Amino acid sequence: MNDLHVGRRRLLKMFGLSATATTAAILQADPVLAATLGYDEVTGVSPTGYRPPTRLAADTEAKATALNWIDNHTGDITKLSDEVWKHAELSLREWQSSLATARLLEDNGFSVKWGSAGFPTAFVATYGNGGPVLGFNAEYDALPGLSQKSGVPDHDPLVYNYDAYGPSYGAGHGDAHNALGAGGTAAAIAVAQAIRAHGLKATVKLFGSAGEEQLVGKAYAVKAGVYDGLDAFLDWHPFNITVPFWNTTSALLSATFTFLGASGHGGSPLGNKSGLDGALLMATMSEYLREKNVAPSGRFHYAIINGGGAPNVTPDMCSIWFFVREGSPDRARVLYDKIVECAKAAAQASQTRLVHRFHAGTWNLLANKAGAELLNDNMRQIGAPKFTDDDHALAKAIQKSLGRPEVGMPTDLTPLTPPAAAYTGGLSTDTADISWQAPTAVLLSAAYPPGIPNHNWGVTATAATNIGHQALLSAARYLAASAVDLIEQPELLDAMQQEFKDRKAAVKWTSMIPDGTQPPLYEPPADFLQETNQYWPPPAVQWPVPQVVATEQLGTTGPNLPPVT
């Protein structure tokens, strides 16, 4: 039995179907997952016999202009990446990082409109008029707790927050979004240069996206229509190999559960009602879901946000933040509903009041084989990122520090292969919602050492070094070259669009965000609002947000006793 048949059996098991189920049964069980993984099988793509096509990427003067612009402006591009790395601003608060990105675009002829979908740090930068509309992506948010000195192979936080009882690390670019944003920005500008120099009829849009690490910005922006009108979208993400991404991702739902009680002294706790108890009970109950209620494609994970300040104060408020992932929106909702029931039970058991706040939801990615193949052909022509001996030495030292094989950076491109028939879960991206609006081509470029997971200090260590620079410059070249091909060879764009239509024919996209949901927001500094010509609050945003306050009465241990006289 070959791998395809084994994968099919695993996929059927995920759907709860027997091994004799037909493709039609799969489509009926979950059209979304069938559109992402089932489509390739239906169209005859076999992992064992697949060979990527060649001669898709053309060698033209316009493409040379785009690539030359990147080669001649590596200093400007990497300077942007390093500046964003230094800012290390958390999601939805990327004030300086978004400004730096927009300035480079404006300096190269783009018009910028701020405040997409009400997010102050989101913008749309546009160049050109008419022709196909091609979109690019910039993200620039860092992650909490992942501060690390650049180029240092041992864990050595750049920002260390001393506290006698609970020290912490500052934020850092442990997902290398500093490189991601600079690479997407460079690709968009390079294509604009080709349009200008050769009179091409096309429009380029660079979407500055807020809060990707929280899967927020694009999900609300797509719902608001910000990405409407695109003919194709091209994106990349830093990773530990270099390869076009022809696969799906996990759908995701994000929510916080706040438990409100009554505070009191920890040394005489009778009658106190602990919000922390509620959060811990919810976490414990949710763990019991894993064996019997979570499929191989499912994930949930959580963080306690405010668990109290001292042992001798029973906290009357505690929030726990959940991410719930599955292979499709419907499957994610089923698992999410079970998590919500755990929260309700935890509140009842801890005698606290539950405030449940939904924050964001995004679909799984709708990949595009035609787009991946075009990227692959350009990547083969341009070549893999070129790393120096010092780069390999740094990578090996980080790998040693984290207990991974000391192999250095990859020197070759990873071959393009079809996705496996079974989806066993994984990462999420809010680019996924865009992929259901326009055909989307995505690639990965090696920005940190193999064996190192993203969201790790090891990524922060390389993201602003030559390793990160080579990754983002290569990604910019791949994206720009493929975009020029889409402009100059309309049949390639037609192929992407036809596949897009065929894949989603049985699916009607609807946002996972309920109507009327206000996104999580932070008020910008006054100078940021002035420079971006924005006003606060944005339309339809309630500000300040209503406070969440514990108003619960203390508990009782029994009937009231008569006073002692």
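Here are some worked exercises on the structure above.

This is a predicted model, in which local features need pLDDT of at least 70, side-chain atom pairs count only at pLDDT 80 or more, and totals for chains, interfaces and linings use all residues. Residues are numbered from 1 along each chain as its sequence is written, and side-chain values use heavy atoms, with hydrogens and water left out.

**Exercise 1. The nonpolar cores**

Task: Find which residues touch the most other members of the largest nonpolar core.

Solution: 
- Start with the term: a nonpolar core is a set of buried Ala, Val, Leu, Ile, Met, Phe, Trp, Tyr and Cys residues joined through side-chain atoms within 4.5 Å. Buried means under 20% relative accessible area, exposed over 50%, and partly exposed in between (1.4 Å probe, protein chains only).
- The largest core has 84 residues, and those touching the most other members are Phe110, Phe123, Phe136 and Leu486.
- Helix H16 (residues 466-488) gives the most to this core, with 13 residues. Helices (H or I, at least four residues) and strands (E, at least two) are DSSP runs, numbered from the N terminus.
- Another core lies apart from this one, with 57 residues, including Val124, Ile320, Cys342 and Ile434.
- Now zoom in on Phe110: setting aside residues up to four places away in sequence, its contacts include Leu105, Tyr127, Ile189 and Val204. Contact here means heavy atoms within 4.5 Å.

**Exercise 2. Strand E7 and its partners**

Task: Work out which strands are joined to E7 by bridges.

Solution: 
- Two strands pair if DSSP finds at least two bridges between them.
- Strand E3 (residues 133-139) runs parallel to E7, with three bridges joining them. Leu134 has Ala232 of E7 as its bridge partner.
- Strand E15 (residues 440-446) is also parallel to E7, joined by seven bridges. Here Phe233 is partnered with Thr440 of E15.
- Finish with burial: seven of the eight residues of E7 (residues 232-239) are buried.
- Thr431, in helix H14 (residues 431-435), touches Phe233 and Thr440, among others. Thr431 is buried, at 2% relative accessible area.

**Exercise 3. The length of helix H7**

Task: Check what span helix H7 should have.

Solution: 
- The expected span of a helix is 1.5 Å times one less than its number of residues.
- With 22 residues (177-198), H7 should span 32 Å, and its end C-alpha atoms are 32 Å apart, which agrees.
- Just after H7 comes Gly199, with a positive phi of about 65 degrees.

**Exercise 4. Salt bridges**

Task: Decide whether Arg331 and Glu326, a salt-bridged pair, are buried or exposed.

Solution: 
- A salt bridge is a side-chain nitrogen of Lys or Arg within 4 Å of a carboxyl oxygen of Asp or Glu. The structure holds 16 of them.
- In this pair, the closest N and O atoms are 3.4 Å apart. Arg331 has 18% relative accessibility and counts as buried; Glu326, at 4%, is buried as well.
- Compare Arg103 and Glu531, whose closest N and O atoms are 2.9 Å apart. They link helix H6 (residues 95-107) to helix H18 (residues 526-532), 428 residues apart. Arg103 is partly exposed at 33%, and Glu531 is partly exposed at 47%.
- Next, Lys223 and Asp515 meet at 2.7 Å, N to O. Lys223 is in helix H8 (residues 217-223) and Asp515 in the loop between H17 (490-503) and H18, so the pair ties together parts 292 residues apart in sequence.
- Finally, a network of salt bridges links Asp40, Glu499 and Arg503.
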